Amino acid sequence: MDQATRLCRSLMERHHDRSSFVVALGGGVIGDLAGFVASIFYRGIPCVQIPTTIIAQVDSSLGGKTGVNTHEGKNLIGTYHQPCLVISDPDTLTTLPRRVFQEGFAEIIKHAAIRDADMLDELEALDPADQRLSPELIARNVGIKARIVEEDERDSPGARALLNFGHTIGNAIEASSPNGNLLHGEAVSRGIRAALHLSEQVTGLKADDSQRILDLLAKFKLPLTLDDEVTNENILTYLLRDKTFMKGMRHFILLERNGHAIKNEEVTDEHLHGTFAHLRTGV
Ligand SMILES: NC(=O)c1ccc[n+]([C@@H]2O[C@H](COP(=O)([O-])OP(=O)(O)OC[C@H]3O[C@@H](n4cnc5c(N)ncnc54)[C@H](O)[C@@H]3O)[C@@H](O)[C@H]2O)c1
Ligand SMILES: [Zn+2]
């Protein structure tokens, strides 16, 4: 929020007005902050997104959600402000730190799991040492996110909830990690493993389908087991604050089969505790 104020002041000092536009060049943090500033400056000026991380190219630069963090939490202050243009250059990914490159695959694998089982073949054929993504693979992921957002732009809650696959427990793991140095994709990969385990119990996902997704996460060196310092109690505390636990209902996004996600409300305490125990075992 402080950065948003600073940027607005800086725009005014430089005499920008409603005829100006903002360019967000960077990862998801920059995109969310710059998009937020663009949405409030003069009640909204255009924003061009130029995302430079995988998460930003396949996820955060699309769909119009912007926002800033406060001490009270993530995603509490924000707006919907669609970019007027998104430019993704795959070459920017080559300078990413290895860990940041790898974590991006959690969101790509999520897209394949919920909407595009054929993309699993393409991901299985990739060389994990090659720090490049083809423009076609980026475009394929942009298409998945864009179609879902078109169905439910304002998260009202409709199709957009499907994008939360792996995020309900993943976000709670991210929030409960005491040292705070867990990357988003590293929390989501454990969240995806949890969602796969719940899907096997509740919506009849076949173990082979589940294993295919786990093998891909492992291929991109994404962690799949919980650290000891992340306790079940902490995860549960954050889960209860999650907006997907609306009015006491537990909305989980689960898979019936690879490529086909659904909203489900049948997850019990017993399922959750079984899943937490499962996340403490090796793959
Ligand atoms: N708005 C949305 O719909 C949405 C969706 C998903 C995630 N997000 C948000 O996105 C953020 C995560 O985004 P992220 O994963 O891009 O992280 P990030 O923006 O923190 O970038 C990760 C790191 O990579 C560096 N970096 C960026 N591009 C680089 C490049 N080309 N070469 C070298 N280093 C580079 C950054 O400086 C940073 O240190 C989170 O805050 C999350 O809440 C928003
Ligand atoms: Zn995410």
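## Reading cavities, a zinc site and a helix pair

Biologist: How many cavities of 30 Å³ or more does the count come to?

Modeller: Two cavities of 30 Å³ or more. This is a predicted model, where local features need pLDDT of at least 70, side-chain atom pairs count only at pLDDT 80 or more, and totals for chains, interfaces and linings use all residues. Residues are numbered from 1 along each chain as its sequence is written, chains are lettered from A and ligands numbered from 1 in the order written, and side-chain values use heavy atoms, without hydrogens and water.

Biologist: OK, what does a cavity mean here, and what is a pocket?

Modeller: Rolling a probe the size of a water molecule over the atoms shows where empty space is left. On a 1 Å grid over the protein atoms alone, a cavity is a set of points where a 1.4 Å probe fits but cannot get out, while a pocket is an open set with protein on both sides within 12 Å along at least five of seven lines; lining residues have an atom within 4 Å of a point. Points are joined across faces, edges and corners, and the volume is the space filled by probe spheres set on them.

Biologist: So how much space lies in the largest cavity, and which residues lie nearest its centre?

Modeller: About 70 Å³. Its lining has 13 residues, with Gln49, Gly64, Thr66, His81 and Pro83 nearest the centre. Helix 2 (28–40) is one of the elements that each supply at least two lining residues, and helix 2 gives the most, with three. Helices (H or I, at least four residues) and strands (E, at least two) are DSSP runs, numbered from the N terminus.

Biologist: And which classes of residue make up that lining?

Modeller: Two nonpolar, nine polar and two charged. Ala, Val, Leu, Ile, Met, Phe, Trp, Tyr, Cys and Pro count as nonpolar, Asp, Glu, Lys and Arg as charged, and the others, Gly among them, as polar.

Biologist: What are the protein donors of the zinc ion (ligand 2)?

Modeller: Donors are N, O and S atoms within 2.8 Å of the metal (3.2 Å for Na, K and Ca); water is not among the atoms, so sites may look incomplete. For this zinc, Glu107 (OE), His167 (NE2) and His184 (NE2) lie 2.0 to 2.1 Å away. Their spacing in sequence is E-x59-H-x16-H. His167 sits in helix 7 and His184 in helix 8, so the pair ties together parts 17 residues apart in sequence.

Biologist: At what angle do the axes of helix 8 and helix 9 cross?

Modeller: Two packed helices are described by the angle between their axes and the distance between the axes. Axes are lines fitted to C-alpha atoms, for helices over the stretch in contact, and angles run from 0 to 180 degrees between N-to-C directions. Here helix 8 (residues 184–202) and helix 9 (residues 207–219) have axes that come within 10 Å and cross at roughly 175°. The two are therefore roughly antiparallel (angles over 145 degrees). Contact (heavy atoms within 4.5 Å) involves residues including Ile192 and Leu196 of helix 8 and Ile213 and Leu217 of helix 9. By class, the contact residues are six nonpolar, two polar and two charged.

Note on methods
Angles under 35 degrees count as roughly parallel, over 145 as roughly antiparallel, 65 to 115 as roughly perpendicular and the rest as oblique.
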